[in-house]
Amino acid sequence: SEITALLLCKLGGQDGSADQIKAVLEAAGVEANEEQITKLVGDTEGKDINELLAEGAGKVKTVKFGGGGGGGGAAAGGAAAAEVVEEEVVEEEEAPDLGAGDMFGAGDGGGGDY
């Protein structure tokens with residue numbers, strides 16, 4: 001959250017000082033961690049934020065996230081789900097006639113004079 005506050009400061013044209021970062025965090029209802037703010041300001045002092053973002057994006061490209069290979073079982077699972085849905089179809093019961101008449105008060109089914 002401290003990094004996000006720093007980026008918001010920079011986007012807003014501010015220099016991203018510790019006080020500015022703290023103010024952004026407090027405005028968002030987040031408790032400011034003084035130690036993390038001090039370290040962040042020290043690490044980014046005198047550096048261009050766009051260069052830091054580009055450098056970070058380059059590092060993310062090299063991270064292996066694993067995964068893949070999990071999509072084959074979806075077809076079988078989908079068929080099983082369709083069977084379950086078909087089994088759960090419940091027939092609706094017909095509402096009992098309460099003798100209250102139709103919408104226009106005729107109640108005899110003759111259509112009334114509407």
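The model is predicted, so local features need pLDDT of at least 70 and side-chain atom pairs count only at pLDDT 80 or more, while totals for chains, interfaces and linings use all residues. Residues are numbered from 1 along each chain as its sequence is written, and side-chain values use heavy atoms, with hydrogens and water left out.

**View A. The protein has five helices and zero strands.** The elements run α-α-α-α-α from the N terminus on. Helices (H or I, at least four residues) and strands (E, at least two) are DSSP runs, numbered from the N terminus. Of the 114 residues, 11% count as buried; buried means under 20% relative accessible area, exposed over 50%, and partly exposed in between (1.4 Å probe, protein chains only). Among contacts (heavy atoms within 4.5 Å) between residues at least 6 apart in sequence, 36% join residues at least 24 apart.

**View B. Lys 10 lies in helix 1.** Lys 10 has a relative accessible area of 30% and is partly exposed. Leaving aside neighbours within four places in sequence, Lys 10 is in contact with Asp 15 and Ile 49. Lys 10 and Asn 50 are 40 residues apart in sequence, and their C-alpha atoms are 9.8 Å apart in space.

**View C. Lys 22 is placed in helix 2.** The relative accessibility of Lys 22 is 30%, which counts as partly exposed. Apart from neighbours within four places in sequence, Lys 22 is in contact with Ala 32, Glu 34 and Ile 37. Lys 22 and Glu 34 are twelve residues apart in sequence and 8.1 Å apart from C-alpha to C-alpha.

**View D. Helix 3 has the buried residues Ile 37, Leu 40 and Thr 44.** These residues are on the same side of helix 3, because they cover an arc of only 65 degrees around the axis, taken from the directions from the helix axis to the C-beta atoms. They pack against helix 1, helix 2 (18-27) and helix 4. Glu 35, Thr 38 and Lys 39 are exposed on the face turned away from the buried side. Gly 46, which follows helix 3, has a positive phi, near 75 degrees.

**View E. The largest pocket holds about 190 Å³ of space.** On a 1 Å grid over the protein atoms alone, where a 1.4 Å probe fits, a pocket is an open set of points with protein on both sides within 12 Å along at least five of seven lines; lining residues have an atom within 4 Å of a point. Grid points are joined across faces, edges and corners, and the volume is the space filled by probe spheres set on them. Helix 1 (2-11), helix 3 (34-44) and helix 4 (49-61) each supply at least two lining residues, and helix 4 gives the largest share, six residues. Among the lining residues are Leu 6, Thr 44 and Leu 52; Thr 44 is buried at a relative accessible area of 16% and touches Leu 6 and Leu 52, not counting residues up to four places away in sequence.
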